[in-house]
Amino acid sequence: MTQTEPTLAAPLRPSTVDFGAILAAHAERTARTLALRPGNKDRLFDGLMAAGITHVTVTFDGAGDSGQIESVGAWSGETAVEFPATKIAYAALTWDDPAVEMRQLSLEDVVEQLAYDFLSDTHGGWENNDGAWGEFCFDASARCIHLEFNERFTSSELYTHDF
C-alpha cells in the first residue's frame with residue numbers, strides 16, 4: 001500500500017512577533033502606573049479630610065466573568081455623609097498616549113478607580129468563575145486602605161474504593 005498524503009503538517013514559519021519587547025513594554029507601563037498611585041492616594045486623602053470624611057467603605061462582588069462595585073459609603077466618624085461635589089486631580093495613563101493625563105474626578109470616582117486598580121493588582125481575575133466579594137476601607141485619618149477579600153471556589157474530592 002502506498003501512502004499519498006503527508007503524515008505531518010508543514011512546520012510553521014518562525015514568529016515575527018517580538019514577545020520580549022511586548023513584555024518589556026508591559027512591565028514599563030505597569031511601573032509607570034504604579035508610580036502614579038502614591039500621588040493619587042495623597043490627593044484623595046487630602047480631599048476626603050478637607051470634606052470632613054474620616055473613612056469610606058467600598059463593597060464589591062463578582063462572579064461568572066463580571067464584577068462590580070456594589071456600594072460606596074462616606075462617613076464622618078460614625079455618621080454616614082454624602083460625598084461633596086468636589087473634584088480632585090487624578091493622574092492616569094491612556095492607551096494611546098505615553099504622557100500622563102491629569103483628569104478632574106469627583107472624590108467618589110477616585111475611590112472607585114483606586115478600588116478597581118487595587119483589586120486588579122492584588123487579585124487579578126477576581127470577577128471570573130466563582131468570583132469574589134469583599135470590602136475596602138479607605139481610612140482618611142490614618143491615610144491607609146484596608147482590603148478584606150473573600151474568594152469563592154468550587155471544590156471537588158475524589159474517593160475511590162476497591163471492595
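Q: Is aspartate 65 buried or exposed, and where does this residue lie?
A: In this predicted model, aspartate 65 has a relative accessible area of 55%. Residues count as exposed over 50%, so aspartate 65 is exposed. Its place is in the loop between E1 and strand E2, the latter covering residues 66-76.

Q: Where does arginine 143 lie, and what is its phi?
A: Arginine 143 is located in the loop between strand E6 (132-139) and strand E7 (144-151). Its phi is positive, about 55°, although arginine 143 is not a glycine. With 35% relative accessibility, this arginine counts as partly exposed.

Q: How many helices and strands does the chain have, and in what order do the elements run?
A: The chain has 2 helices and 7 strands. Read from the N terminus, the order of elements is α-β-β-β-β-β-α-β-β. The radius of gyration is 24 Å, whereas the globule rule gives 15 Å for 163 residues; the value is well over that figure, so the chain is more spread out than a compact globule.

Q: What box do the C-alpha atoms fill, and what percentage of the residues is buried?
A: Taken along the principal axes, the box filled by the C-alpha atoms is roughly 90 × 60 × 20 Å. Of the 163 residues in the chain, 26% are buried. The accessible surface comes to about 11200 Å², and carbon and sulfur atoms account for 54% of that area.

Q: Among contacts between residues at least 6 apart in sequence, what percentage joins residues at least 24 apart?
A: For this chain the figure is 56%.

Q: Which domain does UniProt place in the chain, and what is the secondary structure of that stretch?
A: The UniProt record, an unreviewed entry, places the domain feature "DUF6878" at residues 36-163. Over residues 36-163 the chain is 24% helix and 45% strand. The end C-alpha atoms of this stretch are 64 Å apart.

Q: How many aromatic pairs does the structure hold, and how is the geometry of such a pair read?
A: A search of the whole structure finds 4 aromatic pairs. In the pair of phenylalanine 60 and tryptophan 126, the ring centres are 5.4 Å apart and the planes stand at 80°, so the pair is edge-to-face. Phenylalanine 60 belongs to strand E1, while tryptophan 126 is in the loop between helix H2 (107-122) and E6, so the pair ties together parts that are 66 residues apart in sequence.

Q: Are phenylalanine 60 and tryptophan 126 buried or exposed, and which cluster includes them?
A: Both phenylalanine 60 and tryptophan 126 are buried. They form one aromatic cluster together with Phe136, Phe138 and Phe149.

Q: Where does histidine 55 lie, and which residues are in contact with it?
A: Histidine 55 lies in strand E1, which covers residues 55-63. Leaving aside neighbours within four places in sequence, histidine 55 is in contact with Gly73, Ala74, Trp75 and Gly77, and also with Cys137, Phe138, Asp139 and Ala140.

Q: Is aspartate 117 buried or exposed, and which residues are in contact with it?
A: Aspartate 117, in helix H2, counts as buried at 16% relative accessibility. Leaving aside neighbours within four places in sequence, its contacts are Arg37 and Tyr90. The C-alpha atoms of aspartate 117 and leucine 147 are 12 Å apart in space, and the two residues are 30 apart in sequence.

Note on methods
Residues are numbered from 1 along each chain as its sequence is written. This is a predicted model: local features need pLDDT of at least 70, side-chain atom pairs count only at pLDDT 80 or more; totals for chains, interfaces and linings use all residues. Side-chain values use heavy atoms; hydrogens and water are left out. Helices (H or I, at least four residues) and strands (E, at least two) are DSSP runs, numbered from the N terminus. Contact means heavy atoms within 4.5 Å. UniProt positions are given in the numbering used here, feature names are shortened, and annotations may be inferred rather than shown by experiment. The radius of gyration is taken over C-alpha atoms; the globule rule is 2.2 Å times the number of residues to the power 0.38. Buried means under 20% relative accessible area, exposed over 50%, partly exposed in between (1.4 Å probe, protein chains only). Accessible areas come from the Shrake-Rupley method with a 1.4 Å probe; for residues, only the protein chains shown count as cover. Rings of Phe, Tyr and Trp (its six-membered ring) pair if their centres lie within 6.5 Å; planes under 30 degrees apart count as stacked, over 60 as edge-to-face and the rest as tilted.
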